[in-house]
Amino acid sequence: MATTCHGFVVLCFLALLACAAINGQLSPTFYSSTCPNLQSIVRSGMTQAVNREQRLGASILRLFFHDCFVNGCDGSILLDDTATFTGEKNAMPNANSVRGFEVIDTIKSSVEAACPTTVSCADILALAARDGVVLLGGPTWTVPLGRRDATTASQSAANSNLPGPGFSLSQLISSFANKNLNARDMTVLSGGHTIGLARCVSFRPHIYNDTNIDPSFASQRRQSCPSSGGDNNLAPLDLQTPTTFDNKYFQNLVAHRGLLHSDQELFNNGSQDALVQQYSTNAAAFASDFAAAMVKMGNISPLTGTSGEIRLNCRKVN
């Protein structure tokens with residue numbers, strides 16, 4: 001009797017998973033029968049990329065964020081512009097800035113070789129973002145899967161939906177609220193700035209005009225970011241451990257050493273000060289909250305079921 005019940009429960013569970021996928025819910029086991037080696041293929045590709053250039057872990061994380069915030073996590077950011085199609089790559093927040101597309105291309109080729117016409121570019125990006133964080137010492141999380149790829153993109157949505165480096169705390173909170181992410185999600189996801197680099201053009205106003213910045217830090221950053229020119233000169237978002245995913249970003253904010261205006265807004269006598277303080281001293285709390293918020297962000301408006309397509313080349317619609 002017990003065995004029969006157990007079998008029945010398993011069948012029900014599998015039926016629920018199947019229904020969940022059809023009804024627009026993502027599932028971690030979506031490809032377990034159709035592409036069982038998917039996770040190891042993506043991890044291998046990301047390991048090679050990060051070994052070659054550690055910054056790529058941050059680049060892919062940002063790529064995923066910029067995908068999800070523009071019409072959902074649908075791989076639309078990966079589409080190239082053509083004579084008849086305007087994508088998101090040249091939107092203001094993305095132009096000369098988002099990078100790592102060739103990493104996704106390489107992983108996609110490997111996935112296509114193993115499981116043709118099965119796995120979306122959107123899901124590959126979601127897995128790659130997680131793996132980049134893990135490879136740089138950050139937390140892991142289970143990635144729900146089953147996203148499909150957009151056949152359209154929106155440069156105007158990219159220009160209007162992505163939060164900018166000059167945003168105030170209230171602008172940041174409302175930008176994330178528009179995507180059903182709360183202020184706590186916003187603060188913990190900003191902790192992704194524990195890795196990666198920013199361009200001088202993005203942090204120049206903060207180091208020259210703002211007063212809520214440690215003076216010695218400002219003067220150190222000005223050496224490689226002149227008041228005019230040098231727009232593309234790079235500086236680490238986390239001056240302590242720029243290629244390690246840890247809670248040092250929050251320690252920097254408490255010391256008024258955030259690189260972007262929008263970073264320091266999280267610790268500037270406002271509603272997020274206490275949470276920043278907590279993360280600055282509790283690395284485990286940051287890690288677990290970050291993982292949970294990444295799953296939440298990955299659930300923004302996915303295309304599922306028969307919507308969208310499984311792109312064969314991540315750069316163009318089929």
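Modeller: Helices (H or I, at least four residues) and strands (E, at least two) are DSSP runs, numbered from the N terminus. His-256, for example, lies in the loop between H11 and helix H12 (261-264). This is a predicted model, in which local features need pLDDT of at least 70 and side-chain atom pairs count only at pLDDT 80 or more, while totals for chains, interfaces and linings use all residues. Residues are numbered from 1 along each chain as its sequence is written, and side-chain values use heavy atoms, with hydrogens and water left out.

Biologist: What is the phi of His-256?

Modeller: His-256 is not a glycine, yet its phi is positive, about 55°. Asn-180 is placed in the loop between helix H7 (169-177) and helix H8 (183-190) and is exposed, with a relative accessible area of 67%.

Biologist: At what angle do the axes of helix H3 and helix H5 cross?

Modeller: Axes are lines fitted to C-alpha atoms, for helices over the stretch in contact, and angles run from 0 to 180 degrees between N-to-C directions. The axes of H3 (residues 55-68) and H5 (residues 121-135) cross at roughly 140° and come within 8 Å.

Biologist: Which residues of H3 and H5 meet?

Modeller: With contact meaning heavy atoms within 4.5 Å, Gly-57, Ile-60, Leu-61, Leu-63, Phe-64 and Asp-67 in H3 meet Leu-125, Ala-126, Ala-128, Ala-129, Gly-132 and Val-133 in H5.

Biologist: How many aromatic pairs does the structure hold?

Modeller: Rings of Phe, Tyr and Trp (its six-membered ring) pair if their centres lie within 6.5 Å; planes under 30 degrees apart are stacked, over 60 edge-to-face and the rest tilted. The structure holds 12 such pairs. Phe-245 and Phe-286 have ring centres 5.7 Å apart and planes at 5°, so this pair is stacked. Phe-245 lies in the loop between strand E2 (234-236) and helix H11 (248-254) and Phe-286 in helix H14 (residues 283-298), so the pair ties together parts 41 residues apart in sequence. Phe-245 is buried at 5% relative accessible area, and Phe-286 is buried at 2%.

Biologist: Which residues do ring pairs link into a cluster?

Modeller: The cluster consists of Trp-141, Phe-245, Tyr-249, Phe-250, Tyr-279, Phe-286 and Phe-290. Both Phe-250 and Tyr-279 are buried.

Definitions and conventions
Buried < 20%, exposed > 50% of the residue type's maximum accessible area, 1.4 Å probe, protein only.
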